[in-house]
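Subject: Structure for you to look at

Hello,

Here is the structure I said I would pass on. Please open it first, then read the notes below it.

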Amino acid sequence: SDHMENICGYLMKYTNLVTGWQYRYFVLNNDAGLLEYFVNEQSRHLKPRGTLQLAGAVISPSDEDSHTFTVNAASGEQYKLRATDAKERQHWVSRLQICTQHHTEAIGKNNPPLKSRSFSLASQGSANSPGVQRRPSQNAVSFFNVGHHRLPTGKRVPIMQPDHLVDVREMMSQAEGQQRDLIRSIECLPASGHLTSLDQDLLMLKATSMATMNCLNDCFHILQLQHASQQKGSLPAGTTISWLEPKISLANHFKNGAAQNFPAEINKPASVREEQSIAEPCQLTREPEEINPDEELEDICDDKEDDLGAVEEQRSVILHLLSQLKLGMDLTRVVLPTFILEKRSLLEMYADFMSHPDLFVAITNGSGPKERMIRFVEYYLTSFHEGRKGAIAKKPYNPIIGETFHCSWRMPKSSVATEAGTSSSAHSSSEQVALPKDAEGQAEPDCYTVKFVAEQVSHHPPVSGFYAECVERNMCVNAHVWTKSKFLGMSIGVTMVGEGVLHLLEHGEEYTFSLPCAYARSILTVPWVELGGKVNINCAKTGYSASINFHTKPFYGGKLHRVTGEVKQNMTNTVVCRVQGEWNSVLEFTYSNGETKYVDLTKLSVTRKRVRPLEKQGPFESRRLWQHVTESLRDGDIDKATEHKRALEERQRNEERLRAETETPWCTKYFLKDGDGWVYHKPLWKTVSAAQTQQTDSN
């Protein structure tokens, strides 16, 4: 074929964290199905520095940029490569994919499937187990009819019947039960002696058996989708597709090597059944709900994450997980162990960044554009410390699509700094933009109220939208964040892709800002968090901007959590304020007039958020949705927490499959898509604009 051509040329190859990217000369050998590379073109006649077998490999263009792609060999080895431009990347990717497909198919032709044979996955179990009683035709090979008979030309492959898929699921559940028994048997071995639980061969057996079951589950998912798509054209209108579930309990089947004969639902806690039975979110009301702040009570939860016990006890699990990760691997779809979880959702973590609402409200009280920009920088830098719960790096729950979180803060007006240092209650009502009547009288007369709402608007990619407003001060902030996690060796890096905009409606100013990257360091010992990267804050109207650098600790020496920044006027390029210090300790602000201000974050007062009681929350509000996981973590019952977490995630996967099959788009509740971002459906700037128009018309 013209497409099966041998190509060669220079590509950049990622080597490691120290060396980084290096130019290497690559050769695609189509005849042998190999991708080889050399130091340079002149050394091509020598032995290649590296070789990858392309049969069974996966070639994936990266979403980082338009130049990068990866070659993942069946052996587990990976090349991360970068072309000079998008066109060259496409050329290499297409040729590699063609070569990979050719040699993968060739292996299939040269290795025909084994003849049908009856076998039982449960041969080690009791005589009454379902595997022993299975009909002779119900073995794994006959389920799939792979290559046993060549079909006459023109005849279609018969559609797999639903009961066949159920039988496959049952056999897989048997295998899962035995695989769990295998792992338990290995883990019960003594820590010393002739055969121990840390034996290298047994550890390899654990890893390969787990990987095999994961692969089989992925294949079964593909079969479900294929079965649904084949039925789609013949289903009458209004038919609901029920995803096939095992007829036996996955949690208890083949416990201790014997089959259990109870129905699956009986063996599950009532809370798990409740989690799995919540209806499809789009079938619930997706109309935005107006939360009354008077129904919210001051939060009494204080879940500090300082307990090292679980991390130390589960170190073997961490080692096992790390052994399966590749450098630079995207962790978005990797299910992490439950014991490293915080007792809150990511949506609630975003709310905790607002724990100094007095500093937030004080921004609009600045005497001029320069003062307001400096106040915003001060608020921005003080928000991260309280957003972390304790010194230990733990991961908040990944929000379920459609999940929401609501809260508010109330603070005395006298506690908010003003331009002249007087009580903010001295502001006259004439300074305020006219507000709609339904926005008045919602808070106590001597208090400001800041309301917050967050929603998980997308699952792949995982995007969260959040919005906060203070109606009395005519200010609000709208943001969307896409979290991208990557494995970096002994660290995990999280990139916060997205943008936020602060609106000061009293001044007609908009401040755009981004978020720093976060890193979980020392994940094998005592994990801790540091922030890194450069963020920018800009106000186009006033011409003021801020550049902030979060410095990661160098390998030798240096301080932890260091941050530096400067505020400047873009037109004159004049620096009006510099800031330095630690984002979780003391910050020093130095102004152009020589004055210095210190902010000790450890002594800043924290305003507790107000949250509705669980019984008043909707089924998809964070705390009610995750309540059983949180309770189990508080009780130290990791297995139970894992069971509840798995039930929520499985329900989300089933709903996603159903939406994909029925081509039903997801309906968000509070946020609307706006270009590449997401905007709150009823932002304050629209409300105020409508009120001004109404007031003008009445005059």
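This is a predicted model: local features need pLDDT of at least 70, side-chain atom pairs count only at pLDDT 80 or more; totals for chains, interfaces and linings use all residues.

Salt bridges

The structure holds 22 salt bridges. Side chains of opposite charge can pair when their charged atoms come close.

Glu290 counts as exposed because its relative accessibility is 55%, over the cut-off of 50%. Lys682 has a relative accessible area of 38% and is partly exposed.

Another salt bridge joins the side chains of Arg578 and Glu566, at 2.9 Å from N to O. Arg578 belongs to strand 21 (residues 574-582) and Glu566 to strand 20 (residues 562-569), so this pair ties together parts 12 residues apart in sequence. Both residues are partly exposed: Arg578 has a relative accessible area of 48%, and Glu566 has one of 27%.

The side chains of Arg612 and Glu621 also meet in a salt bridge, with 2.3 Å from N to O. Are these two residues buried or exposed? Arg612 and Glu621 are both buried. There is also a network, in which salt bridges with shared partners join Asp299, Arg344, Glu348, Asp352, Lys609 and Arg623.

Helix 12 and what comes after

Helix 12 is largely enclosed by the rest of the structure, because six of its eight residues are buried. The buried ones are Gln627, His628, Val629, Thr630, Ser632 and Leu633. Just after this helix, Gly636 has a positive phi of about 75°. Asp637 is in the loop that runs between helix 12 (627-634) and helix 13 (638-662).

The charged patch

Which residues gather in a patch of negative charge on the surface? They are Glu631, Asp635, Asp637 and Asp639. Of these, Asp637 is partly exposed, and its relative accessible area is 33%.

Regards

Technical notes: Residues are numbered from 1 along each chain as its sequence is written. Side-chain values use heavy atoms; hydrogens and water are left out. Patches are made of residues with over 30% relative accessible area and no salt bridge: like charges are joined within 9 Å, nonpolar side chains (Val, Leu, Ile, Met, Phe, Trp, Tyr) within 5 Å. Accessible areas come from the Shrake-Rupley method with a 1.4 Å probe; for residues, only the protein chains shown count as cover. A salt bridge is a side-chain nitrogen of Lys or Arg within 4 Å of a carboxyl oxygen of Asp or Glu. Lys and Arg count as positive and Asp and Glu as negative; His and the chain ends are not counted. The place of a charge is taken as NZ of Lys, CZ of Arg, CG of Asp or CD of Glu. Helices (H or I, at least four residues) and strands (E, at least two) are DSSP runs, numbered from the N terminus. Buried means under 20% relative accessible area, exposed over 50%, partly exposed in between (1.4 Å probe, protein chains only).
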